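The exercises below ask you to read a model step by step, with the sequence and coordinates open beside the text. Try each task before turning to its solution.

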Amino acid sequence: LVLIPIGALFLKALEISWHDFWRLATGPRALAAYRLTFGASFIAACVNAVFGSILAWVLVRYRFPGRRFMDALVDFPFALPTAVAGLTLANLFAPAGWLGQFLVPLGIEGAFTQLGVVIALTFVGLPFVVRTLQPVMEHLERETEEAAATLGAGRFRTFRSIIVPTLLPAVITGFALAFARAIGEYGSVIFIAGNKPYHTEIAPLLIIIRLDEFEIPGAITLAVVLMILSFVLLVA
């Protein structure tokens, strides 16, 4: 299921000469799409790593009215079609939208800008961090923190020496999953990005454009580049 499509893609890529492959992979429009895709994905993954960790901690450590509802909402990006998410976010952050009418006068333009790409990628990537951290936090023994307190450690020392080392591998894993997911995101981004070449055009959209133009070698080249970079990221 996984290896056959990947193998077929690489076999098609071998039909392209190295000179043409390099030319198609490093064209100005392709490089601009790479920068936006990986830059926005990295920022969104960093935001999710921070606020996803806080959200997971609150859901695991505290009991409050509406906690189960909030916990269920974490999975909402999984269930919601990405196109619907993109349309909803675009309407929210548009100049006349519920949020945009207050943010645009402040100079914060969330629709049809690079910021909109980051917003969409943050939305779809949050569950990966939260769901990766929750099981680890649930098995984090509070007795260890209590023992540290009896030995004179303050809250910050306990957090730095006990909690952070335990959770860091899970945070990195959640960050990598959110990063890789954001690189391949398409549906939620195209409706809020504006899709301006060299400015708000992501790499997956450029692949679709190349296919619509019957530029099959160009689409294959971009797909192989994204696949290799995503694989290297997950291995790292």
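**Exercise 1.** Determine in which helix A32 is found, and decide whether A32 is buried or exposed.

Solution. The model is a predicted one, and in it A32 is found in helix 3. The relative accessibility of A32 is 9%, and because buried means under 20%, A32 counts as buried. As a further step, take the C-alpha atoms of A32 and F128, which are 27 Å apart in space, while the two residues are 96 apart in sequence.

**Exercise 2.** State how many helices and strands the protein has, and describe the overall extent of its C-alpha atoms.

Solution. Counting the secondary structure gives 13 helices and zero strands, and the pattern read along the sequence is accordingly α-α-α-α-α-α-α-α-α-α-α-α-α. Taken along the principal axes, the box filled by the C-alpha atoms is roughly 65 × 45 × 30 Å. Of the 236 residues, 43% count as buried. For the contacts, consider those between residues at least 6 apart in sequence: 75% of them join residues at least 24 apart.

**Exercise 3.** Find the angle at which the axes of helix 3 and helix 10 cross, classify the arrangement, and list the residues through which the two helices meet.

Solution. Begin with the axes: those of helix 3 (residues 28-61) and helix 10 (residues 155-183) come within 8 Å and cross at roughly 140 degrees. Because an angle has to be over 145 degrees to count as roughly antiparallel, and 65 to 115 is the range for roughly perpendicular, helix 3 is oblique to helix 10. The handedness of this crossing is right-handed. Next, collect the residues in contact: helix 3 contributes T37, F38, S41, F42, A45, C46, N48, A49, S53 and W57, and helix 10 contributes I163, L167, V171, F175, A178, F179, A182 and I183. Sorted by class, the contact of helix 3 with helix 10 comprises 14 nonpolar and four polar residues, with no charged ones.

**Exercise 4.** Carry out the analysis for helix 3 and helix 12, giving the crossing angle of their axes and the classes of the residues in contact.

Solution. The axes of helix 3 and helix 12 (residues 203-212) come within 8 Å, and their crossing angle is roughly 145 degrees. On the side of helix 3 the residues are R29, A30, A33, Y34 and T37, and these meet A203, P204, L206, I209 and R210 in helix 12. By class, the residues of this contact are seven nonpolar, one polar and two charged.

**Exercise 5.** Locate F112 and Y198, give the phi value of each, and then find how far P197 is from A33, C-alpha to C-alpha.

Solution. F112 is found in the loop between helix 7 (100-103) and helix 8 (114-138); although F112 is not a glycine, its phi is positive, at about 65 degrees. With 39% relative accessibility, F112 counts as partly exposed.

Y198 is found in the loop between helix 11 and helix 12, and its phi, near 70 degrees, is again a positive value in a residue other than glycine. The relative accessibility of Y198 is 53%, so Y198 counts as exposed.

P197 lies in the loop between helix 11 and helix 12 and counts as partly exposed, at 41% relative accessibility.

Key: Residues numbered from 1 in each chain as written. Predicted model: local features only at pLDDT ≥ 70, side-chain atom pairs only at ≥ 80, totals over all residues. Heavy atoms only, no water. Axes fitted to C-alpha atoms, helices over the stretch in contact; angles between N-to-C directions. Helix = DSSP H or I, 4+ residues; strand = E, 2+ residues; numbered from the N terminus. Parallel < 35°, antiparallel > 145°, perpendicular 65-115°, else oblique. Left-handed = near helix turned anticlockwise from the far one by under 90°. Contact = heavy atoms within 4.5 Å. Nonpolar A, V, L, I, M, F, W, Y, C, P; charged D, E, K, R; others polar. Buried < 20%, exposed > 50% of the residue type's maximum accessible area, 1.4 Å probe, protein only.
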